[in-house]
Amino acid sequence: VRSPRTDAKFRRLYDDNYEPMRNYFLRRLPVGEVNDAMADLFLVAWRRIDAVPAGAEARLWLYGAARNVVHNSQRSARRRTRLMGRLGVTRPPSLPGPETLVVQNMADAGLHDALAVLRPDDQEILRLSIWEELTNTEIAEVLGIDPHAVTMRLSRARNRLAAQLGIPRTSTRGKRTVPNASTEEVSS
């Protein structure tokens, strides 16, 4: 049963989190799908308003729900592509993805290309850390994992990204290593 109190809670949730959630979707989905994703996200929040935590925890809850919306959107896109392939329909060239639109210069384009090569889990943990500016504890809550696991996964993802970029990275023993070097290590 909805009440003025739950309506006010939803309005606050929406007003406080509209821009961060829109930015989250713009970084992960084609621009044409962002409005639908926003509608899906806030529909889930409306239906489950009593499950949404109060305060700063609400945004983390929304990030977790937004991840599910993105996964559902990507699954739908894969199904559409398979169906179109079976029907022999060619798809018109798609608009550049959100990351491509954000890239403003060639240095960033190299970073974008290196990020695109990483596993989806590595991409997501780096995006949550860098783009969404979440702490490791907040990322742990969004992903439903232990904060220590976030620290380890984030370190590995950064090292993989550094390797893609050809940047010396830190090994697990704290020494600097040169990507693509055999076993030579360089002291820090």
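The model is predicted: local features need pLDDT of at least 70, side-chain atom pairs count only at pLDDT 80 or more, and totals for chains, interfaces and linings use all residues. Residues are numbered from 1 along each chain as its sequence is written, and side-chain values use heavy atoms, with hydrogens and water left out.

## Overall build

The chain has 8 helices and 3 strands. Both are DSSP runs numbered from the N terminus: helices are H or I with at least four residues, strands E with at least two. Along the sequence the pattern reads α-α-α-α-α-α-α-α-β-β-β.

The chain has 188 residues, and 31% of them are buried. Buried means under 20% relative accessible area, exposed means over 50%, and partly exposed lies in between (1.4 Å probe, protein chains only). The chain exposes about 12000 Å², and carbon and sulfur atoms supply 53% of that area. Accessible areas come from the Shrake-Rupley method with a 1.4 Å probe; for residues, only the protein chains shown count as cover.

Contacts are heavy atoms within 4.5 Å. Among contacts between residues at least 6 apart in sequence, 56% join residues at least 24 apart.

## Salt bridges

Side chains of opposite charge can pair when their charged atoms come close. A salt bridge here is a side-chain nitrogen of Lys or Arg within 4 Å of a carboxyl oxygen of Asp or Glu. The whole structure holds 7 salt bridges.

| Pair | N to O distance |
|---|---|
| Arg-11 and Asp-15 | 3.3 Å |
| Arg-28 and Glu-132 | 2.9 Å |
| Arg-160 and Asp-122 | 2.9 Å |

Arg-11 and Asp-15 both sit in helix H1 (residues 4-26). They are 4 residues apart, so about one helical turn separates them. Arg-11 is partly exposed at 47% relative accessibility. Asp-15 is partly exposed too, at 49%.

Glu-132 and Arg-28 form a salt bridge with their closest N and O atoms 2.9 Å apart. Glu-132 lies in the loop between helix H6 (120-130) and helix H7 (136-143), and Arg-28 in the loop between H1 and helix H2 (31-47), so the pair ties together parts that are 104 residues apart in sequence. Both Glu-132 and Arg-28 are buried.

Arg-160 and Asp-122 meet in a salt bridge of 2.9 Å, N to O. This pair links distant parts of the chain: Arg-160 is in helix H8 (residues 147-165), Asp-122 is in helix H6, and they are 38 residues apart. Arg-160 is partly exposed, with a relative accessible area of 32%. Asp-122 is buried at 3%.

Salt bridges with shared partners also join Arg-27, Arg-28, Arg-67, Glu-124 and Glu-132 into one network.

## Surface patches

Patches are made of residues with over 30% relative accessible area and no salt bridge; like charges are joined within 9 Å, and nonpolar side chains (Val, Leu, Ile, Met, Phe, Trp, Tyr) within 5 Å. Lys and Arg count as positive and Asp and Glu as negative, while His and the chain ends are not counted. The place of a charge is taken as NZ of Lys, CZ of Arg, CG of Asp or CD of Glu.

Arg-75, Arg-78, Arg-79, Arg-82 and Arg-86 form a surface patch of positive charge. Arg-78 is found in helix H3 (residues 57-87). Arg-78 is partly exposed, at 45% relative accessible area.

Leu-111, Leu-165 and Ile-167 make a nonpolar surface patch of about 230 Å². Leu-165 belongs to helix H8. Its relative accessibility is 35%, so Leu-165 counts as partly exposed.
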